[in-house]
Amino acid sequence: MKPPPFDYRRPATLGEALDVLAEAGPGGKVLAGGQSLIPLLNMRLAAPARVVDVNRVPGLDGIEAGPSGVRVGALARHAAVERSPGAAAAQPLLRQALRLVAHPVIRNRGTVVGSLVHADPAAEMPAVLALLGGSVRLASLDGEREVPAAEFFTGPMESAARPGELAVSAFFPALPARSGTAFHEVARRHGDYAVAGVAAAVTLDDDLRISAARVACVSVGPVPVVADVTAACGPRPAASVDWDAVAAAVRDLVEPEGDIHATADYRRHLTGVLAVRALRDAAAAAHGEGS
Ligand SMILES: Cc1cc2nc3c(=O)[nH]c(=O)nc-3n(C[C@H](O)[C@H](O)[C@H](O)COP(=O)(O)OP(=O)(O)OC[C@H]3O[C@@H](n4cnc5c(N)ncnc54)[C@H](O)[C@@H]3O)c2cc1C
């Protein structure tokens with residue numbers, strides 16, 4: 001199918017982009033990598049009056065990594081972030097998760113920030129942002145605002161971005177010393193959206209006991225489901241944790257729905273299994289045993 005007709009704009013500056021977005025109001029849609037928007041247009045699941053292609057706007061493709069974390073610009077492609085040594089050093093979960101996003105050809109074009117605004121509950125990057133307590137910076141003619149992850153994802157395919165706003169960057173915080181991360185998921189085919197997936201972050205204390213443990217689960221709710229499982233995991237070394245109890249705790253926290261890919265019960269079971277795998281790998285990474 002072909003998309004319904006729309007007014008196409010390709011602004012050359014950020015100011016121009018904000019002008020044409022403001023003018024379009026609720027009928028305006030930003031086009032970044034197009035890996036989600038173009039299929040939606042072609043299937044006529046979206047029919048914006050105006051598409052604002054921001055690919056020629058300079059200064060939006062930055063990846064700034066530092067001790068506090070990684071700021072990813074709106075036009076930084078999945079592949080660029082995945083391959084960035086600085087980003088991987090500051091926040092290893094970015095690369096661990098991006099390897100699971102779609103296929104390389106899609107990662108070459110799709111953007112991390114686009115994935116966040118798209119807010120698919122089966123997508124990896126919203127879970128990463130939610131787990132780390134990151135934020136998204138939104139710009140409009142009224143100025144800029146930084147929205148924390150906990151307030152950014154408002155429902156399936158719905159974010160806090162308002163009409164007239166452009167997400168200019170996202171910030172993924174670094175973790176304290178002696179922390180590790182991991183991402184495990186099951187998809188029907190490699191590169192497909194996950195039937196279920198879990199991102200985990202673990203921090204160890206001076207005696208190498210687990211002092212903090214969090215998971216973010218995908219495909220089991222309308223938005224990423226973040227859970228603090230520190231009480232179930234610590235304070236004890238990973239080798240002494242009752243992992244069956246941790247799996248049960250995570251299973252109790254999620255309320256998945258069934259669909260043509262999996263029953264709700266299977267998704268719940270899988271989430272428990274994947275949470276334990278991710279937490280154990282994150283604890284091993286925190287020990288310095290690879291990530
Ligand atoms: C076959 C296939 C498999 C895929 N598998 C996965 C997968 O396993 N996991 C996964 O996470 N993703 C997957 N994707 C989606 C892919 O990761 C997309 O790249 C991503 O979801 C959206 O990024 P984009 O830059 O292409 O955004 P676009 O398609 O350009 O836009 C998506 C939405 O976000 C809005 N938007 C984008 N950027 C901005 C911005 N800066 N400010 C405001 N609004 C903005 C658009 O208006 C639109 O509503 C898959 C896609 C395909 C085609």
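Tutor: Start with a term: a polar contact is a pair of N or O atoms within 3.5 Å, and within protein one must be able to donate a hydrogen and the other to accept it. Also keep in mind that this is a predicted model.

Student: Okay, which side chain makes a polar contact with the side chain of serine 169?

Tutor: Arginine 71, through its side chain, at 2.7 Å.

Student: Where does serine 169 lie?

Tutor: In strand E10, which covers residues 166-173.

Student: Buried or exposed, and why?

Tutor: Serine 169 counts as buried because its relative accessibility is 6%, and buried means under 20%.

Student: What is serine 169 in contact with, leaving aside its neighbours within four places in sequence?

Tutor: Arg71, Val72, Gly73, Ala74, Val113, Val136 and Arg137.

Student: Val136 and Arg137 are in that list. Which strand has residues 135-140?

Tutor: That is strand E6. E6 and E10 run antiparallel and are joined by five bridges. Within that pairing, leucine 138 stands opposite alanine 167 of E10.

Student: How many residues of E6 are buried?

Tutor: Five of its six, so the strand is mostly covered.

Student: What else pairs with E6?

Tutor: Strand E7, residues 143-148, pairs with E6 in the antiparallel sense over six bridges. A hairpin of two residues joins E6 to E7, and serine 140 stands opposite glycine 143 in E7.

Student: What holds paired strands together in general?

Tutor: Strands of a sheet pair through backbone hydrogen bonds, and the pairing is either parallel or antiparallel.

Student: Which strands have parallel pairing here?

Tutor: Three strands in the order E1-E3-E2 form an open sheet with parallel pairing. Its edge strands are E1 (7-9) and E2 (28-31), each of which pairs on one side only. From one strand to the next, the twist averages 25°.

Student: How many bridges are there between E1 and E3?

Tutor: Three, in the parallel sense, with E3 made of residues 50-53. Arginine 9 stands opposite valine 52 in E3.

Student: Which helix lies across those strands?

Tutor: Helix H1, residues 14-24, lies across E1, E2 and E3 and runs at about 165° to E3.

Student: Which residues of H1 are buried?

Tutor: Ala17, Leu18, Val20, Leu21 and Ala24. The cover over the buried residues of H1 includes E1, E2, E3, E6 and E10.

Student: What follows H1?

Tutor: Glycine 25, with a positive phi near 60°.

Student: Which residues other than glycine have a positive phi?

Tutor: Methionine 157 is one of them, with phi near 60°. Arginine 178 also has a positive phi, near 60°.

Student: Where is methionine 157?

Tutor: In the loop between strand E8 (153-155) and strand E9 (158-159). Methionine 157 counts as partly exposed because its relative accessibility is 41%.

Student: And where is arginine 178?

Tutor: Arginine 178 is in the loop between E10 and strand E11 (179-186). With 37% relative accessibility, arginine 178 counts as partly exposed.

Student: Switching topic: how is the protein divided?

Tutor: Into domain 1 (7-50), domain 2 (63-173) and domain 3 (182-287).

Student: How far apart are the C-alpha centres of domain 2 and domain 3?

Tutor: They lie 21 Å apart. The contact takes 21 residues from domain 2 and 20 residues from domain 3.

Student: How much area do domain 2 and domain 3 bury between them?

Tutor: About 1700 Å², with 66% of it on carbon and sulfur atoms. On the domain 2 side, Leu100, Pro121 and Leu131 lose the most area to domain 3, and together they make up 34% of what that side buries.

Student: Last one: which peptide bond is cis?

Tutor: The bond from glycine 234 to proline 235 is cis, with omega near -5°. Proline 235 sits in the loop between helix H10 (230-233) and helix H11 (243-253).

Terms used
Residues numbered from 1 in each chain as written. Predicted model: local features only at pLDDT ≥ 70, side-chain atom pairs only at ≥ 80, totals over all residues. Heavy atoms only, no water. Helix = DSSP H or I, 4+ residues; strand = E, 2+ residues; numbered from the N terminus. Buried < 20%, exposed > 50% of the residue type's maximum accessible area, 1.4 Å probe, protein only. Contact = heavy atoms within 4.5 Å. Pairing = 2+ DSSP bridges. Axes fitted to C-alpha atoms, helices over the stretch in contact; angles between N-to-C directions. Domains from an automatic or database assignment. Buried area = accessible area lost by both parts, 1.4 Å probe.
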